Amino acid sequence: MHVNHHEFVIKRLASGGLITNYYCTSRCRHCLYACSPNWEKKYIDLETTEKNLRKIKSLGCRSIHIGGGEPFLNPDGLKMVLETAESVGVRIEYVETNSSWFKDRGSACRILLSLKEKGLSTLLVSMSPFHNEHIPFWKVKGVMEACHVAGIGVFPWIREFYDEITGLGDETTHTLPEYEDRYGPDYMRRLPSRYWIHFGGRAVKTFVNVFGTRPLEEILSDGRRGCTELLDVSHFHFDLFGNYIPGLCAGLAIDGNDLGQPLSRQEYPILYTLFERGVAGLYELATEQYGFKAASGYMSKCHLCLEIRRYLALSVKIDSMELRPLPFYENI
Ligand code: SF4
Ligand code: SF4
C-alpha cells in the first residue's frame, strides 16, 4: 500500500475563483457544486470577500474569476465584490453567468454598465444543453448582445453548442432527452469529450446512468493511493463561507485561515485519510467506525468518496468542518 506521510499543506495558489453564492435559478445536471434554487439566498459579504482575496493574494495568486451559483442574482453584492477586488489588488478575469437574469436589452445594459464601472471587463456566458434545460436561449443571446453594446467582452462557454441549442429553438427550454431525440441517442455519452465536465457533485449522479458502474472491489484496489488531487491548485475555489475547496473535491472544505501552513491532523482527519490512504482509507474508516454499507459498484473513486461523505454528513450527521457546506450534500 502506498502511504504518503507528507504533511498536507497548500503553500501557493495558481488559478481559481470565488464562489459568491450557491443558490442558483437552475439545477443543472452536471453542476459540480450542486447549486440549486433550494439553497438559502446567502451571498458573500464584504468581510469574507476581503479575507478570501487577501489570502489568495498572499499565496501568490493575483487574478481570479467569480462564479456561483449565479453571481448576477445579487448585482449589488457583485458590485461590492468587484470593488473589494480592486482595493485588495486582485484582478477579476471574468464573471460567470447563466443569463437567467436577462429581461430586455435596456435593463441588461444598465446592469452591465454599472458593473463595468466597478471593473467588470468580461463575462463567461454559459452555453450548454445542461443550462438549456433551465434557461431559454433567447436570454443567453440577449446577454451577449447587451455585452456587445456595453463594451464588455464575452467568453462563450462553449460556443460549440451554439448551433445545436439554436436548432431546438430559442423561445423555450429543452430537456436532455430532446437533445438525444434530435442529435442521436449517444448524445449524452459524447458530451464529456466535447465539454469539460468534472465527475463530481451532481455530475456523478447524472453520468452514472450513462456510463454505469465498476465493481466496488476494483474501485477499492485502484483507490489505495493517496489522493494528490487534493493538492491541486490549478482550479481552486474559495466560497462565501470562507471555505477553501481542495482540488475539485466539492463537498470537502478547508478553513481559508488554515492555508499556508500544514493542516492539523486532529482537525482534518477525513482530508488526511484521503490524502494518505485514498478512498480505500475513507471506506475503511466509514465502514469500521460509522457502519457505512457500500453498493456493489460505483462509477469512480470520486463517486464512492462522495457517497461515503454524503452518508457521514446526512445519515450519521457527524459534525465535521471538513464536510462543508452541508447543503451541498442535500442538493446533489
Ligand atoms: S452549473 Fe451554473 S447555472 Fe447550472 S446549477 Fe450550477 S451554478 Fe447554476
Ligand atoms: S476520491 Fe475524494 S478526495 Fe480523492 S480525488 Fe476523488 S473526490 Fe477528491
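**Ligands, pockets, sheet**

I started with ligand 2, which sits in the second largest pocket. "Sits in" means that more than half of the molecule's atoms lie within 2 Å of the grid points of the cavity or pocket. A pocket here comes from a 1 Å grid over the protein atoms alone: it is an open set of points where a 1.4 Å probe fits, with protein on both sides within 12 Å along at least five of seven lines, and lining residues have an atom within 4 Å of a point.

Ground rules before going on. This is a predicted model, where local features need pLDDT of at least 70 and side-chain atom pairs count only at pLDDT 80 or more, while totals for chains, interfaces and linings use all residues. Residues are numbered from 1 along each chain as its sequence is written, chains are lettered from A and ligands numbered from 1 in the order in which they are written, and side-chain values use heavy atoms, with hydrogens and water left out.

What surrounds ligand 2? I found Cys 227, Glu 229, Leu 230, Cys 249, Leu 274, Lys 301, Cys 302, Cys 305 and Arg 309 (near means a heavy atom within 4 Å). Helix H12 (residues 301-315) gives the largest share of that shell, 4 residues (helices are DSSP runs, H or I, of at least four residues, strands are E runs of at least two, and both are numbered from the N terminus). By class I get 6 nonpolar, no polar and 3 charged residues in the shell. For the classes, Ala, Val, Leu, Ile, Met, Phe, Trp, Tyr, Cys and Pro count as nonpolar, Asp, Glu, Lys and Arg as charged, and the others, Gly among them, as polar.

The second largest pocket has a volume of about 300 Å³ (the space filled by probe spheres set on the points, with grid points joined across faces, edges and corners). Of its 22 lining residues, His 198, Glu 229, Leu 248, Cys 249 and Cys 302 are the closest to the centre. H12 turns up again, with the largest share of this lining at 5 residues.

**Ligand 1 and its pocket**

Ligand 1 sits in the largest pocket. Its surroundings are Cys 24, Ser 26, Cys 28, His 30, Cys 31, Cys 35, Gly 68, Gly 69, Asn 98 and His 131. That shell splits into 4 nonpolar, 6 polar and no charged residues.

I noted a volume of about 710 Å³ for the largest pocket. It has 32 lining residues, and the closest to its centre are His 30, Glu 96, Ser 126, His 131 and Tyr 195. Strand E3 supplies the largest share of the lining, 3 residues.

The chain goes from E1 through helix H1 (residues 46-58) to E2 in a right-handed β-α-β crossover (clockwise from the first strand over the helix to the second, with the strands pointing away from the viewer).

Last entry: E4 and E5 pair in the parallel sense over 5 bridges, and Ser 126 has Trp 157 in E5 as its bridge partner.

Technical notes
Two strands pair if DSSP finds at least two bridges between them.
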